[in-house]
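My notes are in the order in which I looked things up.

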Amino acid sequence: MATAYVPVHAERELAAADMRRRIKAIFVGSIGNLVEWYDFYAYAAFALYFAGSFFPGTDPVVQQLNAAVLFAVGFIVRPIGGWLFGHMADRHGRRKALMASVLLMCFGSLMIAVTPTYTSIGLMAPVMLAVARIVQGLSLGGEYGASATYLSEVADQKHRGFYSSFQYVTLIGGQLCAIVVLLLLQQVFLTGEQLRAWGWRIPFLVGAALALTALGMRRNLHETDDFKTTQAGARKKTPSLRTLMEHPREVLLVVGLTMGGTTAFYTYTTYMQKFLKLSVGLTDLQTTVVTGGSLVFALLLQPTYGALSDRIGRKPLLIWFGVMGTLCTIPLLDALQATKSGLVAFLLICAAWLIVAGYTSINAVVKAELFPTYIRAMGVGLPYAVTVSIFGGTAESVALWFKSIGHERWFYSYLTGVIAVSLLVYVAMRDTKRRSAMRTS
């Protein structure tokens with residue numbers, strides 16, 4: 001039987017159309033991810049201004065500690081979101097899970113924007129704030145696994161590391177947007193008193209509106225071919241915790257490779273703003289500019305490292321982060337605490353990002369490459385969410401607690417130790433670029 005001839009130009013047109021389809025899906029999926037993380041990080045960016053509205057007292061460190069505890073509450077419920085939305089993504093499709101998660105984030109942000117202060121309703125104010133953080137935590141717990149799975153599945157095999165790195169591009173971009181909004185409100189539109197009185201509500205209103213926009217964009221996403229293939233199979237496996245436990249090694253790998261990276265990530269993002277203000281002693285403007293500038297640098301590193309992983313593999317980058325993080329964390333943070341220069345602080349944080357990007361740029365694709373399609377979203381999302389709840393979400397609280405008892409440097413050793421444990425996992429695990437489960441249904 002003769003094989004149909006396909007002209008070369010037609011093959012190129014088909015390839016170009018397929019590339020455009022993939023890029024559009026990655027862009028829309030990434031934009032939704034950016035909005036989710038903006039909404040979540042607006043809390044951390046504006047905590048310096050609204051903490052006094054919800055927590056009475058005169059000690060700013062204690063107020064920030066209370067705000068950080070509620071920030072951690074959002075992480076505690078993330079495993080529930082990882083399980084719930086992971087099940088939805090593996091059972092009903094990645095697209096539906098992504099739509100549901102961004103809608104839930106909209107509700108959480110709107111709730112923070114309209115919650116009365118402590119002087120108006122007393123203890124109900126921090127209680128309502130905690131409920132809103134729980135809603136946001138559920139949303140974000142589901143967003144990570146669904147978006148990591150979606151971006152990894154729509155990317156072609158040769159560029160999977162590069163394309164999936166845009167999850168952390170938009171994750172960092174979401175925090176950067178929160179910092180930009182803070183800078184505009186600080187320097188252009190409002191005074192410090194206005195920000196503390198009512199201006200801190202503005203970013204949450206903006207976030208709720210952006211989430212609705214992202215929801216509209218995600219309605220037009222196409223489902224991934226991997227999921228369609230699994231659904232069309234003769235034997236369908238139901239995604240569940242029992243099914244996930246058929247992959248104990250992969251679950252433990254996700255926990256091990258995440259713990260050091262997530263602790264470092266939240267140290268140099270959410271906690272760094274407080275560190276620059278309370279420990280280094282920079283002004284509000286310096287703190288915002290240094291934090292924002294370092295996030296721009298970190299954002300640019302993600303696709304660079306992701307593309308590098310497509311050439312040399314995922315494992316060398318993870319080992320780079322593990323080795324350098326273990327050796328350099330204490331010297332970097334000591335130098336950062338000792339400086340009084342905004343420029344030096346910026347350069348030191350950028351140096352830290354050269355290390356941490358070895359994890360952030362590729363951790364999503366590594367996890368996706370560990371699991372077969374039918375359990376991938378839950379396999380990526382649930383153990384990751386559990387680990388982030390234990391290590392990432394508590395990083396700021398642990399650091400502030402050490403500071404409150406007069407032993408701030410103990411946190412530096414804690415961070416170093418957690419990274420060292422992950423390094424052992426990086427050395428022992430397989431390189432998922434070369435031994436991937438991505439095409440396993």
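**Entry 1: overall make-up**

I noted at the start that this is a predicted model. I counted secondary structure and got 21 helices and zero strands. I then checked burial over the 441 residues of the protein, and 59% count as buried. For contacts between residues at least 6 apart in sequence, I found that 86% join residues at least 24 apart.

**Entry 2: H4 against H10**

How do the axes of H4 and H10 cross, and how close do they come? I took H4 as residues 94-114 and H10 as residues 202-218, and their axes come within 8 Å and cross at roughly 165°. An angle over 145 degrees counts as roughly antiparallel, and H4 and H10 are therefore roughly antiparallel to each other. I logged the crossing of H4 past H10 as left-handed.

I listed the residues that meet. H4 brings Arg 95, Leu 98, Met 99, Ser 101, Val 102, Leu 103, Cys 106, Ser 109, Leu 110, Ile 112 and Ala 113. On the H10 side they meet Phe 204, Leu 205, Ala 208, Ala 211, Leu 212, Ala 214, Leu 215 and Arg 218. Sorted by class, this contact of H4 with H10 has 15 nonpolar, two polar and two charged residues.

**Entry 3: H14 against H20**

I moved on to H14 (residues 270-280) and H20 (residues 395-404), whose axes come within 9 Å and cross at roughly 20°. Angles under 35 degrees count as roughly parallel, and H14 and H20 are therefore roughly parallel to each other. I recorded their crossing as right-handed. From H14 the contact takes Thr 270, Tyr 271, Lys 274, Leu 278 and Ser 279, and from H20 it takes Glu 396, Ala 399, Leu 400 and Lys 403. By class I have four nonpolar, two polar and three charged residues in the contact of H14 with H20.

I then looked at H15 with H16, which pack at an angle of about 125° with their axes 8 Å apart. H15 and H16 are therefore oblique to each other. In this pair Tyr 305, Leu 308, Ser 309 and Ile 312 of H15 meet Pro 316, Leu 317 and Trp 320 of H16. I sorted the contact of H15 with H16 into six nonpolar, one polar and no charged residues.

**Entry 4: H6**

I repeated the length check on H6 (residues 124-154), where 31 residues at 1.5 Å each should span 45 Å. The end C-alpha atoms of H6 are 44 Å apart, which agrees. I also checked its burial: H6 is mostly covered, with 25 of its 31 residues buried.

**Entry 5: single residues**

Is Tyr 163 buried or exposed? I placed Tyr 163 in helix H7 (residues 160-164). Its relative accessible area is 10%, and under 20% counts as buried, so Tyr 163 is buried. Tyr 163 and Gly 306 are 143 residues apart in sequence, yet I get 7.5 Å between their C-alpha atoms.

I found Ile 121 in helix H5 (residues 118-121). At 32% relative accessibility, Ile 121 counts as partly exposed. Leaving aside neighbours within four places in sequence, Ile 121 is in contact with Pro 116 and Met 128. From Ile 121 to Phe 54 I have 67 residues in sequence and 9.8 Å in space, C-alpha to C-alpha.

Gln 337 is partly exposed, at a relative accessible area of 25%. Not counting residues up to four places away in sequence, Gln 337 touches Phe 275, Ser 279, Val 280, Glu 408, Arg 409 and Tyr 412. Of these I checked Ser 279, which is 58 residues from Gln 337 in sequence and 6.3 Å away in space, C-alpha to C-alpha. Ser 279 is also one of the H14 residues in the contact with H20.

Key: Residues numbered from 1 in each chain as written. Predicted model: local features only at pLDDT ≥ 70, side-chain atom pairs only at ≥ 80, totals over all residues. Heavy atoms only, no water. Axes fitted to C-alpha atoms, helices over the stretch in contact; angles between N-to-C directions. Helix = DSSP H or I, 4+ residues; strand = E, 2+ residues; numbered from the N terminus. Parallel < 35°, antiparallel > 145°, perpendicular 65-115°, else oblique. Left-handed = near helix turned anticlockwise from the far one by under 90°. Contact = heavy atoms within 4.5 Å. Nonpolar A, V, L, I, M, F, W, Y, C, P; charged D, E, K, R; others polar. Expected span 1.5 Å × (residues − 1). Buried < 20%, exposed > 50% of the residue type's maximum accessible area, 1.4 Å probe, protein only.
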